[in-house]
Amino acid sequence: MVRRDANRPASSRRLGASVLAVFVVSAGAAGSAGCDKKGHAPPDPSEAPGVANGGSGASASPAPAASTALPAFDPAQLNLFAPIPEAVEKPVVDETIKLGRMLFFDARLSRGHDVSCASCHDLGRAGQDGEPTAKGAKQARSKRNTATVLNAGGSFAQGWDARAASVEDFVGPHLLDPAIMGPGAEAHLAEVVLSIPAYAAAFKKAFPDDKPAVSSETIARAIGGYTTKLFARSRWDRYLGGETAALDAAELRGFAMFVEAGCTSCHQGKYLGGTQTQKLGIAKAWPPPAGTDLGRFEVTKQDVDRGMWKVPTLRNVTRTGPWLHDGSISSIEEVTRLMARHQVGRELGDPQVAAIVAWLRTLEGDAPTELTTKPALPPSGPKTPRAE
Ligand code: HEC
Ligand code: HEC
């Protein structure tokens, strides 16, 4: 029986605007939520005057000069963060997880038998594909960038537009999407799985109470159960766990810069994101995007949700370019600079951007190989449909 992952925060059902100022700060931090950008940073005499003015005032021309000063690291800045527990490195790989893992790698679930979850969510490259927007079954193109599945189970909602409260809820419609795997009707998907004898037997064992055992719902639960186990610890977690040598002084200054720049009003907690939705261009209008993707508005049809996106995790972000929901930015330095300009109304100098990026690299990590190694897939049966 696949259960929802216990690691997911209790806030997982609070979607939309109501979550803006609500997030759970672990590790007993005195969490000052919302838009208080200066509260956590120690006063720093080395900072150039006139650059820390967040908010819309900073967008007036002429643009404020970029500073190159780096703030000092202060351990109090760590209070808004928490490590992913070590236990994720020793996952229990039971029969249900093994089943979910096989399905994750099985291209027979797609319309042309040409893509599996793993084609786009390549676990050898941080759980995504490196494409601006995803290439789906039969060369279809999604309008969105492939979000990483690594650590997705820790996020309050799934999708760039936060449209599903859990991975299990997200996966069914996602898989059926013609721009993703597009196997046609739900019934057809179940038929394919049922036609592979080893799967039919494994589903009966994994879902004894479900009649029928193989349905689009149990398929989503099996794959979702596996996907939510894909947590990836990094040097940052070892540092937070007390291994102080895991980060060097330059990386810690980069972290201090990230806090001081005000990034933490959106990117905090265990996953440096994944706790709320926010408007892109909240401090200064985002340059008009080429596309017409309205983000969360497409889910809720409420005007307040135009241009609202899930604040994504920053774990592995240095490996998941090109960036943003549409893959429109192809340099990590550039996306960092634009975030500062448009999300906090602040110009960062090159050394400041470089310092933040150096710290972001400490968030790189992979899920345990016993989960990510491609398994042998069971042979097709006589009734397994051929590729379209
Ligand atoms: C064609 C490429 C492609 C395939 C195949 C694919 N995905 Fe995705 N995945 C995407 C894209 C694109 C997004 C972002 C979608 C959006 O936000 O609208 C995404 C988002 C996700 C997310 C949400 C992550 C987050 O943080 O919001 C999960 C979970 C996920 N996919 C799991 C899966 C699973 C499981 C499969 C196999 C059943 C799968 N995907 C197959 C491209 C793909
Ligand atoms: C007001 C909220 C907010 C603040 C403050 C903020 N961000 Fe973001 N960040 C977002 C949102 C929302 C997105 C996703 C936007 C999209 O995909 O269109 C994002 C995306 C990103 C990405 C790209 C992630 C990806 O997977 O493509 C990076 C990198 C990033 N932010 C870094 C930063 C840094 C560094 C700062 C501080 C200078 C910062 N952010 C401040 C809300 C914020």
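1. **Ground rules.** Residues are numbered from 1 along each chain as its sequence is written, while chains are lettered from A and ligands numbered from 1 in the order in which they are written. Because this is a predicted model, local features need pLDDT of at least 70 and side-chain atom pairs count only at pLDDT 80 or more, whereas totals for chains, interfaces and linings use all residues.

2. **Around ligand 1.** There are 29 residues around ligand 1, and Cys117, Cys120, Ala134, Gly136 and Trp160 come nearest (a residue is near a molecule if its C-beta atom, placed from the backbone, lies within 6 Å of it). Helices α2 (117-120), α3 (167-176) and α6 (216-227) each supply at least two residues of this shell, and α3 gives the most, with five residues. Helices here are DSSP runs of H or I with at least four residues, strands are runs of E with at least two, and both are numbered from the N terminus. By class, the shell around ligand 1 has 16 nonpolar, 10 polar and three charged residues. Ala, Val, Leu, Ile, Met, Phe, Trp, Tyr, Cys and Pro count as nonpolar, Asp, Glu, Lys and Arg as charged, and the others, Gly among them, as polar.

3. **Around ligand 2.** Of the 27 residues around ligand 2, the nearest are Cys263, Cys266, Trp323, Met339 and Gln343. Helix α10 (residues 332-343) contributes the largest share of this shell, five residues. The shell around ligand 2 has 19 nonpolar and eight polar residues, and no charged ones.

4. **α8 against α11.** Helix α8 (residues 249-260) packs on helix α11 (residues 350-360) at an angle of about 110 degrees, with the axes 7 Å apart. Axes are lines fitted to C-alpha atoms, for helices over the stretch in contact, and angles run from 0 to 180 degrees between N-to-C directions. The pair α8 and α11 is therefore roughly perpendicular (65 to 115 degrees; under 35 is roughly parallel, over 145 roughly antiparallel and the rest oblique). On the α8 side the contact includes Phe255 and Phe258, and on the α11 side Ile356 and Trp359 (two residues are in contact if their C-beta atoms, placed from the backbone, lie within 7 Å). The residues of this contact divide into eight nonpolar, two polar and two charged.

5. **α10 against α11.** The angle between α10 and α11 is also about 110 degrees, with their axes 10 Å apart. That makes α10 roughly perpendicular to α11. Ile332, Glu333, Thr336 and Arg337 of α10 meet Val353, Ile356 and Val357 of α11.

6. **Helix α1.** Eight of the 11 residues of α1 (residues 95-105) are buried, so this helix is largely enclosed by the rest of the structure. A buried residue has 20 or more other C-beta atoms within 10 Å of its own, an exposed one 12 or fewer, and a partly exposed one a count in between, with C-beta atoms placed from the backbone. Among the elements covering the buried residues of α1 are α2, α5 (197-206), α6 and α12 (369-372).

7. **Backbone points to check by eye.** Most residues other than glycine have a negative phi, and most peptide bonds are trans. Cis peptide bonds join Lys211 to Pro212 and Gly321 to Pro322. Gln139 has a positive phi, near 65 degrees, and is exposed, with 9 other C-beta atoms within 10 Å. Asn151 has phi near 70 degrees, but is buried, with 28 other C-beta atoms within 10 Å.
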